[in-house]
Amino acid sequence: MTYRLIAMDLDDTLLTDDLKVSDATRQAMTEAIAQGAHLTIATGRMFDSAQKIARQVGLNVPIITYQGSLIKNLLDEEILYERSVPVDVAKQLYDYCQAHGLHLQSYISDKLYVSEDNDKIKGYAKQSNIPYTIEPDFSRIIENDRQTKLLIIDEPAKLDALLPELKELFGSKVHLTKSKPNYLEFMHPEGTKGHALRFLAAHYGIPMEETIAMGDAMNDHEMVQAAGLGVAMENAVPALKEIADFITLSNNDDGVKHVLEKFVLNV
């Protein structure tokens, strides 16, 4: 099988724990691109954060951001695919967070908004390398019809305990997933990495059988399942490993390079 479209998650997949792409992995990516493969990233990060890394590793194709809610060209930043959280759903989630004392942040037109400055947003902004805007009247933000994503940050055990209730509350009205143990994310139902991978494959006229998707977390489930070759990192959550076609090395051991060499470069 010739694989022509390869989508890679960023955090804990392409990036090492110190948030870098190793020289060896970067070289394998360069060689795959030179052979005609389309390499892209598929991340929960906002475009502004993801594009910095994509440019550093030499990508020049559309990238999948916000868990699949936004696909945007790197070169001219044209939007190819976009899905927003319905306003009524955003209001319902906001009311829930207010009632339960939860930290909620919103993304509109690739800008990050919070209602107050606290340790949660400071830690998030530092990791993602992005600025944020404090909007005390957060109800005004929630009423915007262009919210790409809403995100709750809290202790992993607390979020896990809330998940069943939130799934029952919102049902199929949102795509609800975790990108990290302490990040619970809400998108449009079609804002998944699986939807985005299918869109990008169709955009290039590439059959899904000729796609590879690599990831490590719950939010990678849809694209790993959709791809012709679904890959889980060695450091992936057990549930992702169960559905993967192949388990590669960890993010700190050049797992992406291993897949590119084995399935694309045929080394």
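Reading strand pairing and salt bridges

Me: In which sense do strand β6 (residues 103–108) and β9 pair, and over how many bridges?
Reply: In this predicted model, β6 and β9 run antiparallel to each other, and six bridges join them.

Me: Which residue stands opposite Ile153 in β11?
Reply: Tyr183 of β11 stands opposite Ile153. The strands behind that contact, β9 and β11 (residues 183–187), are again antiparallel, with four bridges between them.

Me: Is β9 mostly covered or exposed?
Reply: Mostly covered: of the seven residues in β9 (residues 147–153), seven are buried.

Me: Now the charged side chains. How many salt bridges does the structure hold?
Reply: The structure holds 14. To read one, check that a side-chain nitrogen of Lys or Arg lies within 4 Å of a carboxyl oxygen of Asp or Glu. Asp220 and Lys193 form such a pair, with their closest N and O atoms 2.6 Å apart. This pair links distant parts of the chain, 27 residues apart: Asp220 sits in the loop between β12 (211–215) and α9 (221–226), and Lys193 in helix α8 (residues 193–204).

Me: Why does Asp220 count as buried?
Reply: The test is a relative accessible area under 20%. Asp220 counts as buried because its value is 0%. Lys193 is also at 0%, so it is buried too.

Me: Which residues are linked with Asp220 in a network of salt bridges?
Reply: Asp9 and Lys193 are linked with Asp220 in that network.

Me: How far apart along helix α11 are Glu261 and Lys257?
Reply: Four residues, about one turn of the helix, which spans residues 255–264. Glu261 and Lys257 form a salt bridge whose closest N and O atoms are 3.3 Å apart. For accessibility, partly exposed covers the range between the buried limit of 20% and the exposed limit of 50%. Glu261, at 22%, is therefore partly exposed, and Lys257 is partly exposed because its value is 23%.

Me: What is the N to O distance in the salt bridge of Glu234 and Lys241?
Reply: The distance is 3.3 Å. Glu234 has a relative accessible area of 42%, so it counts as partly exposed. Lys241 is partly exposed as well, at 24%.

Definitions and conventions: Residues numbered from 1 in each chain as written. Predicted model: local features only at pLDDT ≥ 70, side-chain atom pairs only at ≥ 80, totals over all residues. Heavy atoms only, no water. Helix = DSSP H or I, 4+ residues; strand = E, 2+ residues; numbered from the N terminus. Buried < 20%, exposed > 50% of the residue type's maximum accessible area, 1.4 Å probe, protein only. Pairing = 2+ DSSP bridges.
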